Amino acid sequence: MTELAPLITGFLRDYMPRQRGYSPQSCETYAFSFKLLFNFAAKRLGTRPSLLAIEDLDAPMIVAFLEHIEQDRGNSASTRNMRLAAIKAFMRYLEHKVPSALQQIGRVHAIPTKRHDQKLIRHLTMDEIRAILNAPNLATRSGIRDRAMMHLCFAGGLRVSELVGLQTENLSLQNGASVKVMGKGRKERCLPLWKETTRDLRAWLSVRGAVRVPDLFVNAQGDPMTRAGFEYVLDKHVGKAAESYSSLRGRRVSPHQLRHGCAVVMLQATRDIRKVALWLGHADIRTTEVYLRIDPSEKLEAVEAVIPRELRRGRFKAPDALIASLLSD
């Protein structure tokens, strides 16, 4: 039996960050996947995770684990596929470390990914975003921070990891204000800032004060803002905005919906999916095409390109000055 503990340690602490150059966020995501797997396998075998062996992670065990996270944890098929991808990456690492397990590893590689429905992405409208951005109390330091943080997340189309990882040196508020973002795959991109976003960021920097960390956004204790901290901030202000905006009532708004909202606004403004992909930092434009399915105007333009001219949409013109006055605001 081959001990598992030293191999997974080498995979997560040496192979991924040092040899492959994976980001800390990717290593953390992989580590969480294996935490779930090892806890499940140890409970199923009646042992402790530290005593597991490579031979315990055979194909039937992996399949049982994937069924567990879907049925018992309520995870989606896409999450199931992500956990499977992490396991297969580890198995590729083991091919060179434990050649005697090649047959077992081959059976794990043969486990297929699961097809699933691809529903429309839920995003926030501009009115909903305005309601959320107006929720913080700007008479307080935390309110100024919260508005600047949410505004930048939306206007930049940032992932949460990109937002909380920003440092003050990444921000330039001189002429042509911009922010430098380190995205997935260590791809750096520079984004211009809207005037309103720049104003909110200047307000935050004026009250941020002297803190011991270089991070742009910090919590009340002066420590770097975390993913969980931002999720709490957003959830709090969504609840407040829902008091006056009915479409937000009872709705669970994730930080990624701010990013989706930015993508839709950018697509409607530019009509160019390539520009949206560049803005969001997508490596593959096929990832960005999901936003084309959200915007009905894209389909309407396609329809109008083939229907007879007399059926195309137009503006109603009142036939008489009296009727026009009755229809005016």
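Visitor: With which residue does Asp 127 form a salt bridge, and how far apart are the closest N and O atoms?

Guide: Asp 127 forms a salt bridge with Arg 130, and their closest N and O atoms are 3.0 Å apart. The term denotes a side-chain nitrogen of Lys or Arg within 4 Å of a carboxyl oxygen of Asp or Glu. The model is predicted, so local features need pLDDT of at least 70 and side-chain atom pairs pLDDT 80 or more, while totals for chains, interfaces and linings use all residues. Residues are numbered from 1 along each chain as its sequence is written, and side-chain values use heavy atoms, without hydrogens or water.

Both partners of this pair belong to helix H6, three residues apart, or about one turn of the helix. Helices here are DSSP runs of H or I with at least four residues, numbered from the N terminus. Asp 127 is partly exposed, at 42% relative accessible area, and Arg 130 is also partly exposed, at 44%. Buried means under 20%, exposed over 50% and partly exposed in between, for a 1.4 Å probe and protein chains only.

The whole structure contains 11 salt bridges. Another of them joins Asp 146 to Lys 236, with 3.9 Å between the closest N and O atoms. Because Asp 146 lies in helix H7 and Lys 236 in helix H10, this pair ties together parts that are 90 residues apart in sequence. Asp 146 is buried, with a relative accessible area of 1%, whereas Lys 236 is partly exposed at 39%. Arg 145 joins Asp 146 and Lys 236 in a network of salt bridges.

A further pair is formed by Asp 223 and Arg 212, whose closest N and O atoms are 2.4 Å apart. Both lie in the loop between H9 and H10, so the pair ties together parts that are 11 residues apart in sequence. Asp 223 is partly exposed at 28%, and Arg 212 is exposed at 62%.

Arg 80, in helix H4 (residues 77–97), presents a contrasting case. Arg 80 is buried yet has no salt bridge, and the nearest side chain of opposite charge, Glu 70, is 4.1 Å away. In this count Lys and Arg are positive, Asp and Glu negative, and His and the chain ends are left out. Instead, the side chain of Arg 80 makes a polar contact with the side chain of Asn 81 at 3.2 Å. A polar contact is a pair of N or O atoms within 3.5 Å; within protein, one must be able to donate a hydrogen and the other to accept it, and residues adjacent in sequence count only if both atoms are side-chain atoms.

Conventions
Helices (H or I, at least four residues) and strands (E, at least two) are DSSP runs, numbered from the N terminus.
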